[in-house]
Amino acid sequence: DEAGLQTALTALVRFKRQRWSVPVKGDLEKILLKEIKKGDRVYVSVRQIDQLTGGVLFSLEKYPEVQGAVISFQNGKIKSMVGGMTNHYFNRAVTAKRPMGSVVKPLVYAAAIQLGWNTLDALSNERAMFVYHNQSYFPRPDHKSPHSKVSMSWAGVHSENLATVWLVAHLCDKLTPGQFKEVLSHLGMAQEDDESYNHYMRRIRDEMGVVIDQKALQQLAFEQSRFAVESDLIFDGQDGEVEFLQKMHYSKEYAAQLEEEEAAAGESVVDEEELTKAEIAEAKLRKDLVRWSFERLQEQYDGLMRLKTFPDATMEEYVPNFYYVPLAARNRGVVEQDFSDYQFIFSEQAEPGWRPVTSKIFSVMVGGLLPADKAKFWGRVRLDNLLSVSTVEMVAAAMDKEMARLSSLEPYSPEVLHSLRDFRTLVGLQYLIGLCREFGVESTLEPVLSFPLGSNVVSLYEIARIYEGLTSGMVSSIDGVQNAGLDLIARIETYDGEVVYTSKPVKKRVIDPQTTLAVNDILRNVVKFGTGSYAYRNVQLHSKDPELEANLLQMGITVPVLGKTGTANRFTNAAFAGLVPGSYQGRENGVTLQNGLVLAAYVGYDDNKPMARRTTHITGATGALPVWARVAADYILNRDYGKALDLADLSFSDTKELPLFYPEVGQIEVPVAVNGGGLLVTGAAGSDSVVRAPLVTFGDILPGGEVRLQRAFRPYWLQ
């Protein structure tokens with residue numbers, strides 16, 4: 001029994017020490033044998049097929065069991081289901097509702113493609129403050145990314161939280177006005193033909209929470225004005241100003257909201273030294289993000305103009321809130337008649353490297369410059385080092401015109417409502433929920449920006465139904481009813497063999513073939529290049545035939561599975577869902593997306609206790625994926641995929657991976673930047689420094705190598 005207990009010993013050593021610890025001499029007696037008492041259960045599983053010792057799960061009173069579930073679907077029918085290791089009256093595969101983390105992100109990508117996006121569209125991947133229903137939201141990444149912009153495909157492969165939340169907030173941005181109205185109508189969010197304006201206003205305001213007041217109109221006017229001045233700024237070479245404008249929000253009130261939240265959170269902190277460096281850095285970053293308010297910059301602008309007109313501060317040695325920065329290292333002091341080599345900044349807080357402006361320098365600014373030079377100088381002053389005075393004046397003038405236009409319209413008229421970011425975000429979220437309902441999800445789903453991070457709780461059964469739809473484009477119902485439990489029953493017979501019931505699966509297309517292929521390609525690359533790489537290394541061809549198995553072990557051929565990891569907040573849940581491709585029955589070696597096995601797994605404590613201790617954190621990749629990979633490997637073994645293959649042909653292949661045959665639905669392969677966020681590489685961008693890789697997408701390759709990305713409006717109700 002000593003050999004059988006070694007894996008349990010390793011697990012316990014890592015639990016007590018660090019995740020990289022290994023047992024040393026004496027640990028068996030010192031740690032494990034002191035922990036095990038008569039009556040404790042020790043699960044031992046040894047697997048010979050891959051010549052690796054399997055995991056040993058041990059159940060001790062002082063160490064509660066990590067539970068979990070596995071479920072698989074094929075052609076609309078449940079093929080297998082495990083609801084946990086203990087408590088036979090609680091089926092965790094069906095009954096347990098849990099946050100599944102990033103497993104739900106592919107839903108967002110499918111919805112986006114249906115609403116006109118392309119998998120190679122660039123998404124913002126920077127820390128940002130999102131405003132929704134008058135509340136600020138600061139999504140956080142779960143890893144550090146060097147890319148401020150990434151493609152949708154890259155966001156899926158590398159599980160980018162920031163880019164995916166940004167996409168959720170902009171799901172409807174590619175729709176034409178007519179398409180947007182159609183989405184509204186189908187979701188029940190449009191004004192009905194016989195519905196009065198007042199009734200529609202109350203429905204949108206009271207039932208959907210979209211409030212259009214003066215503040216909302218100002219935010220809308222700012223967004224419209226920001227877009228209106230963009231071309232002028234780019235023409236003047238002010239691309240940096242455009243980038244800052246795109247990140248900015250209007251209202252300054254979110255700074256006060258953040259202060260209240262921090263004050264409430266700080267009540268539990270006795271000493272500031274209790275905060276970690278990461279927590280301190282996060283607090284500073286959020287303060288910086290809320291400072292990016294145009295309303296606050298307007299206040300800065302007013303203060304600067306008062307200072308310019310009534311320079312009382314020149315009586316002091318230094319002018320308050322005024323700083324300058326040399327633009328070149330050689331500039332050691334300010335030449336009073338020439339300010340072109342210096343950047344002047346008006347701000348309430350100084351940054352390292354900023355030098356205070358003296359009253360002597362300021363007097364030259366106010367009275368010593370020629371009128372033309374004076375106007376140019378003051379226009380270049382940067383407010384909080386975010387935007388120049390000239391840009392603020394330009395946007396403010398455009399805002400005045402836009403506010404006048406918006407104020408003349410009914411607040412809940414299409415001209416106003418359909419442009420409001422809050423409303424457009426809500427429409428995108430309701431579309432996501434509608435897509436989930438088509439897949440058979442019955443759990444309560446909240447339309448929140450954290451949707452793609454798995455904030456809603458669902459069952460593993462529902463996740464499997466979602467992935468059945470994502471990977472095949474089809475959803476199945478039995479006798480026209482979804483989720484009735486009938487997908488577990490093939491037929492019912494009487495004692496003497498009379499068939500009294502036979503299930504009749506009915507399939508319905510929800511996602512078009514092109515969108516299905518695009519999502520499948522993301523899921524494939526998650527395993528090949530991203531967070532699912534454990535499956536790429538461990539799901540290989542094996543055979544029960546000893547002679548064939550010996551050959552396969554030498555060749556080490558990987559089966560190309562698809563899937564996505566998910567880790568819930570605080571490591572309370574770890575999930576993985578995906579597809580085991582079907583065996584190809586043609587003449588070529590390989591597998592196909594058709595007739596594949598949809599498989600989903602999760603692990604976690606029943607009481608949602610975090611699966612974290614010291615340096616150990618159980619994620620989707622380290623917790624659920626190994627379980628998933630073992631089931632996938634057993635499925636491939638039991639169906640003897642290797643028997644139908646030509647091993648001689650495979651032995652001459654350059655790759656150790658079975659080919660995955662995609663259906664031909666008009667896709668193209670284009671180069672993307674591996675070291676540049678997976679963005680499209682075309683023309684001059686294809687320098688030698690860019691590492692390229694082919695990616696599947698849809699569009700046209702134009703003469704000269706340029707790519708015109710395809711956009712299509714294919715909502716789920718038109719399939």
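Biologist: Which residues lie nearest the centre of the largest cavity?
Modeller: This is a predicted model. In it, Ile 113, Trp 117, Asn 118, Phe 698 and Gln 710 lie nearest the centre of that cavity, and the lining has 13 residues.

Biologist: How are those lining residues divided among nonpolar, polar and charged?
Modeller: Five are nonpolar, six are polar and two are charged. Helix 19, residues 513–529, supplies the largest share of the lining, with three residues.

Biologist: What is the space in the largest cavity?
Modeller: The largest cavity holds about 100 Å³. The model has four cavities of 30 Å³ or more.

Biologist: And what volume has the second largest cavity?
Modeller: Its volume is about 80 Å³.

Biologist: Which residues line the second largest cavity?
Modeller: Val 104 and Leu 107 belong to its lining, together with Cys 436, Val 441, Leu 445, Phe 451, Gly 454, Ser 455, Asn 456, Val 458 and Ile 466. This lining comprises eight nonpolar and three polar residues, with no charged ones.

Biologist: Changing topic, what is the mean pLDDT of the protein?
Modeller: The mean is 87, and 90% of the residues reach 70 or more. Over residues 46–61, however, the pLDDT is below 50. That stretch has 44 contacts in the model beyond near neighbours in sequence.

Biologist: Now to the rings. How many aromatic pairs are there?
Modeller: The count is 21 aromatic pairs. One of them joins Phe 322 and Phe 362, edge-to-face, with 6.0 Å from centre to centre and 65° between the planes.

Biologist: Why does the pair of Phe 322 and Phe 362 tie together parts that are apart in sequence?
Modeller: Phe 322 belongs to strand 10 (residues 318–326) and Phe 362 to helix 13 (residues 359–368), so the pair links parts that are 40 residues apart in sequence.

Biologist: Are Phe 322 and Phe 362 buried or exposed?
Modeller: Both Phe 322 and Phe 362 are buried.

Biologist: What of the rings of Phe 377 and Trp 378?
Modeller: Their centres are 5.3 Å apart and their planes stand at 75°, so this pair is edge-to-face. The cut-off for that class is an angle over 60 degrees. Phe 377 is buried at a relative accessible area of 5%, and Trp 378 is buried at 3% relative accessibility.

Biologist: Which residues form one aromatic cluster?
Modeller: The cluster contains Phe 322, Tyr 324, Tyr 342, Phe 344, Phe 346, Phe 362, Phe 377 and Trp 378.

Conventions:
Residues are numbered from 1 along each chain as its sequence is written. This is a predicted model: local features need pLDDT of at least 70, side-chain atom pairs count only at pLDDT 80 or more; totals for chains, interfaces and linings use all residues. Side-chain values use heavy atoms; hydrogens and water are left out. pLDDT is the predictor's confidence in each residue, from 0 to 100. Contact means heavy atoms within 4.5 Å. On a 1 Å grid over the protein atoms alone, a cavity is a set of points where a 1.4 Å probe fits but cannot get out, and a pocket is an open set with protein on both sides within 12 Å along at least five of seven lines; lining residues have an atom within 4 Å of a point. Grid points are joined across faces, edges and corners, and a volume is the space filled by probe spheres set on the points. Helices (H or I, at least four residues) and strands (E, at least two) are DSSP runs, numbered from the N terminus. Ala, Val, Leu, Ile, Met, Phe, Trp, Tyr, Cys and Pro count as nonpolar, Asp, Glu, Lys and Arg as charged, and the others, Gly among them, as polar. Rings of Phe, Tyr and Trp (its six-membered ring) pair if their centres lie within 6.5 Å; planes under 30 degrees apart count as stacked, over 60 as edge-to-face and the rest as tilted. Buried means under 20% relative accessible area, exposed over 50%, partly exposed in between (1.4 Å probe, protein chains only).
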